[in-house]
Amino acid sequence: MTLQKSLLQQFFQAYNKEAEVVAYAPGRVNLIGDHTDYNDGFVLPAAVNFGTHVLASKRQDSVINVIAIDIDNQPVSFNLSQIVFDEQDTWSNYVRGTVIELLKFIKSSPRKNSVSGVDLFISGNVPQGAGLSSSAAFEIALLKAFSDLFNLSLSGIDAAKLGQKAENNFVGCQCGIMDQLISALGQKSHAMLLDCRALSYQFAKIPENITLMIVNSNVKRELVSSEYNTRRQQCEAVAQYFKRSALRDITLNELNENKQSLESVLYKRARHVISENLRTLEALTALNTHDMKLLSRLMADSHQSLKDDFEVTTPELDYLVELLSNVVKDKGGVRMTGGGFGGCVVAILPQDLQIKAKQVIEDNYFQKTGIKPSIYICTAEQGAFSL
Ligand code: GLA
């Protein structure tokens, strides 16, 4: 039985009626450009072949029922007229927050759409807490389901903004827009260079003989939200010092000229972001010209900067990067990916090094850390709102 058929059956068993829509949104891997999105900077992610399905059917009343089968098979219910934070089933806050933002959007839009209650069934395979954006896939699949169910004609950019606001205003993570935008608008076999200020983007083809390998360190990410929000505040403090709206507007020269007057931790945070923006733009050229040597250097520098200046790597991530870099050398790139504090590394490598790269992880990582890694070979896929 296909996955979709099995999900349709499970929906029927749960609600005793057919699902009216089946929506799907992918997770993502970021090739380079981390902690730049909320500084109005540049990122280079790709949507991947792991994602979340949302099946939905309208109700006559204003109740939202949600079953997230991979998390909990008990349904969670709430009413559209009163959506409050759920301290117990915290996963449901992604649904609550997304619905609140959607209702606000509908109210302010000139098209007089309306929504009713909905029965929802959610199932996904994006590894959770791994830095591959399981939450963005969740939000974007949900928005796609609502858009299709009520003919809302949401654009990918609208959906990305709503998903981000759900996290910022309700869930409590001050994330940028990268994850939601690539989940909405990714393109098969391509990475996306996204300008997070203009929300403009261009695609770069991932060369055919190249493999995207993701290795999950399986280190539990702790205090992620509070550390993440602190990093954001530190970046904003530097922008304020320079009286600019974001770190995007400050050059490395300007930063260095002011080094003495800045707290050293703030200087380091800003140096990461400003240099990472430059690396990300160069990485686009490297990908477009198949310059693996350049990509290799940029990704290595990015990791080092996330380790020393932004301080979001872990010893396990550093070790994975070291192991893989020894195999890949200058034929491809390796770095941590996503928010950090645990999670995954990404390697862009020639297909013929794939087996060797896998082997080196299997031979060494568990021995050194006592943790079993997970290795995923990924492909770049289409986003939920891509045409
Ligand atoms: C998380 C956030 C993104 C981005 C990355 C780091 O994934 O959700 O907005 O800031 O971290 O690049």
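This is a predicted model: local features need pLDDT of at least 70, side-chain atom pairs count only at pLDDT 80 or more; totals for chains, interfaces and linings use all residues.
Helix H3 spans residues 134-149, and helix H4 spans residues 156-171. The axes of H3 and H4 lie 9 Å apart. They pack at an angle of about 125 degrees. Angles from 65 to 115 degrees count as roughly perpendicular, and those over 145 as roughly antiparallel. H3 and H4 are therefore oblique to each other. The crossing of H3 past H4 is right-handed. On the H3 side, the contact is made by Ser 135, Ala 136, Glu 139, Ile 140 and Leu 143. On the H4 side, Ala 159, Ala 160, Leu 162, Gly 163 and Glu 167 take part. By class, the residues of this contact are six nonpolar, two polar and two charged.

H3 also packs with helix H5, which covers residues 178-185. Here the axes come within 9 Å and cross at roughly 50 degrees. Angles under 35 degrees count as roughly parallel, and perpendicular begins at 65. H3 and H5 are therefore oblique to each other. H3 and H5 make a right-handed crossing. H3 contributes Ala 136, Ala 137, Glu 139 and Ile 140 to the contact. H5 contributes Asp 179, Gln 180, Ser 183 and Ala 184. Four of the residues in the contact of H3 with H5 are nonpolar, two are polar and two are charged.

Attention now turns to single residues. His 272 sits in helix H8, residues 264-288. Its relative accessible area is 0%, so His 272 is buried. The side chain of His 272 forms a polar contact of 2.6 Å with the side chain of Ser 305. Not counting residues up to four places away in sequence, His 272 touches Asp 34, His 35, Arg 279, Ser 305, Leu 306, Asp 309 and Phe 310.

Leu 294 belongs to helix H9, residues 292-308. The cut-off for a buried residue is under 20% relative accessible area. Leu 294 has a value of 17%, so Leu 294 is buried. Leaving aside neighbours within four places in sequence, Leu 294 is in contact with Glu 282 and Ala 286. Ser 62 lies 232 residues from Leu 294 in sequence. In space, the C-alpha atoms of Leu 294 and Ser 62 are 55 Å apart.

Key. Residues are numbered from 1 along each chain as its sequence is written. Side-chain values use heavy atoms; hydrogens and water are left out. Axes are lines fitted to C-alpha atoms, for helices over the stretch in contact, and angles run from 0 to 180 degrees between N-to-C directions. Helices (H or I, at least four residues) and strands (E, at least two) are DSSP runs, numbered from the N terminus. A crossing is left-handed if the near helix is turned anticlockwise from the far one by less than a right angle, and right-handed if clockwise. Contact means heavy atoms within 4.5 Å. Ala, Val, Leu, Ile, Met, Phe, Trp, Tyr, Cys and Pro count as nonpolar, Asp, Glu, Lys and Arg as charged, and the others, Gly among them, as polar. Buried means under 20% relative accessible area, exposed over 50%, partly exposed in between (1.4 Å probe, protein chains only). A polar contact is a pair of N or O atoms within 3.5 Å; within protein, one must be able to donate a hydrogen and the other to accept it, and residues adjacent in sequence count only if both atoms are side-chain atoms.
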